[in-house]
Amino acid sequence: MGTVDEDAVLETEDVAWLRVDVALAAQARRAAADLARRAGFGPRRTSEVELAVTEAATNLQRHAVDGALLIRLLRTTDEAAVEFLAVDSGPGMTDVASALVDGMSSRGTMGVGLGTINRLADHFTIHSLPGRGTVLTARFWPVRAREGGQRHPEQMVAGVTRPIGGESACGDSWTAHTDHDPGPLPPPRPRAGRPFVPGAASSAFSAMTVSSAGPALLVLMCDGLGHGPLAARAGDLARDTFRRSRGRRPDDLVDELHTALRGTRGAALGVARVEIADRLVRFCGVGNISVFVVGDDRRRALSSAPGIVGHQLPTLRTFEEPLPPGGALVMHSDGLTPRWTMEDLPGLLGQSPVTIAAQILNQAAVRRDDAGIVVVKVPG
């Protein structure tokens with residue numbers, strides 16, 4: 001468990017949210033086909049994506065109290081996948097296994113049930129909370145994996161963003177990349193007037209060098225202030241700066257982002273470093289970003305300091321928290337209420353990061369605001 005496959009960290013782009021209405025199936029089919037062709041899918045694979053997304057959209061129209069469909073591209077270094085998420089707020093499924101039997105969900109649609117989506121997709125999951133809502137995720141690579149095979153490893157980190165209603169641009173953004181340097185972490189960079197302060201749970205993470213046993217994931221969650229294009233500019237700049245940075249410490253990365261975001265609206269943001277072999281999370285954040293390490297029997301919060309990155313940076317504090325086997329790191333903006341718990345989301349922790357992110361957003365994004373969430377799960 002000391003390595004990280006680069007294909008387990010996929011970049012997302014061309015995100016489109018489609019609300020449930022009478023034209024949803026046609027809109028979804030056109031959007032998915034356009035992304036598939038741009039990603040280099042052949043005619044047959046493009047038709048399979050169209051069939052699958054049409055079935056999902058029609059099921060939302062016929063059965064959901066309210067819902068939406070997210071369609072996007074996921075990229076590795078050499079190819080792209082089309083992914084869609086169908087999200088609704090009820091009525092939910094009491095028997096997911098039966099819903100996957102061909103014919104159970106179609107009722108005259110052009111597809112033949114959720115079982116067809118399952119067979120056509122390279123990755124497919126459903127998580128449902130009876131009476132509260134369902135999340136379906138399906139991912140398609142240009143060449144479908146053979147029966148029992150897998151085109152790419154399951155994502156270790158995944159996120160979802162959704163703009164406020166009436167806006168196409170979203171001020172919330174996320175990204176992640178791998179630090180393969182096996183050496184110790186360097187001491188913190190000098191900060192005029194802003195000394196490093198170890199966190200309450202982090203007495204070992206001081207100005208001294210800190211060992212790092214193998215590769216780590218560096219993860220950003222950013223909330224550009226306000227919403228609309230100006231908030232999106234701050235979020236996009238933070239994401240692009242983070243991708244290019246060679247920083248390895250969360251506090252150094254926050255400091256670097258502060259410099260980059262001067263001249264923008266600014267942002268609340270958090271940076272986490274997930275040590276894979278040690279199952280350890282190191283986190284530094286500023287502003288209203290909620291961060292939790294969750295396991296089967298607990299949820300531990302990691303604190304962010306008050307301030308605005310790009311305008312007013314406080315004394316930076318970095319906190320540590322062990323990541324339990326089978327657990328996850330969850331980071332989200334204040335577009336989601338932090339009151340959710342895993343006890344209220346039975347079965348979710350066993351799902352993939354993208355399903356966990358989508359269902360928490362589905363249940364907790366109750367404010368009228370941009371919403372963003374990113375989830376990390378380290379394999380057992």
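Me: What makes Glu-275 count as buried?

Reply: Its relative accessible area is 0%. Buried means under 20%, exposed over 50%, and partly exposed in between, with a 1.4 Å probe and protein chains only. So 0% puts Glu-275 in the buried class. Arg-273 is buried too, also at 0%. This is a predicted model: local features need pLDDT of at least 70, side-chain atom pairs need pLDDT 80 or more, and totals for chains, interfaces and linings use all residues. Residues are numbered from 1 along each chain as its sequence is written, and side-chain values use heavy atoms, without hydrogens or water.

Me: Why is the pairing of Glu-275 and Arg-273 called a salt bridge?

Reply: The term needs a side-chain nitrogen of Lys or Arg within 4 Å of a carboxyl oxygen of Asp or Glu. Here N to O is 2.6 Å, so the pair qualifies. Salt bridges with shared partners link Glu-275 and Arg-273 into one network with Asp-179, Asp-181, Arg-248, Arg-282 and Glu-320. The structure has 20 salt bridges.

Me: How do you know that Arg-44 and Glu-48 form a salt bridge?

Reply: Their N to O distance is 3.9 Å. The limit is 4 Å, so the pair counts. Both sit in helix H2 (residues 43–63), four residues apart, which means about one helical turn between them. Helices (H or I, at least four residues) and strands (E, at least two) are DSSP runs, numbered from the N terminus.

Me: What makes Arg-243 partly exposed?

Reply: Its relative accessible area is 35%.

Me: What makes a set of residues a nonpolar core?

Reply: The members must be buried Ala, Val, Leu, Ile, Met, Phe, Trp, Tyr or Cys, joined through side-chain atoms within 4.5 Å. The largest such core here has 32 residues. Leu-69, Ile-71, Phe-84 and Phe-140 touch the most other members. Elements giving two or more residues include H2, strand E2 (67–75) and strand E5 (133–140). Another core, of 28 residues, lies apart from it and includes Phe-292 and Trp-340.

Me: Which residues does Phe-140 contact, beyond its neighbours within four places in sequence?

Reply: Among them are Phe-41, Val-49, Phe-84 and Leu-120. Contact means heavy atoms within 4.5 Å.

Me: What makes a space a pocket?

Reply: On a 1 Å grid over the protein atoms alone, a pocket is an open set of points where a 1.4 Å probe fits, with protein on both sides within 12 Å along at least five of seven lines. Lining residues have an atom within 4 Å of a point. The largest pocket holds about 730 Å³, the space filled by probe spheres set on points joined across faces, edges and corners. Of its 34 lining residues, Val-15, Thr-161, Pro-163, Ser-168 and Cys-170 are the closest to its centre. Strand E1 gives the largest share of the lining, eight residues.
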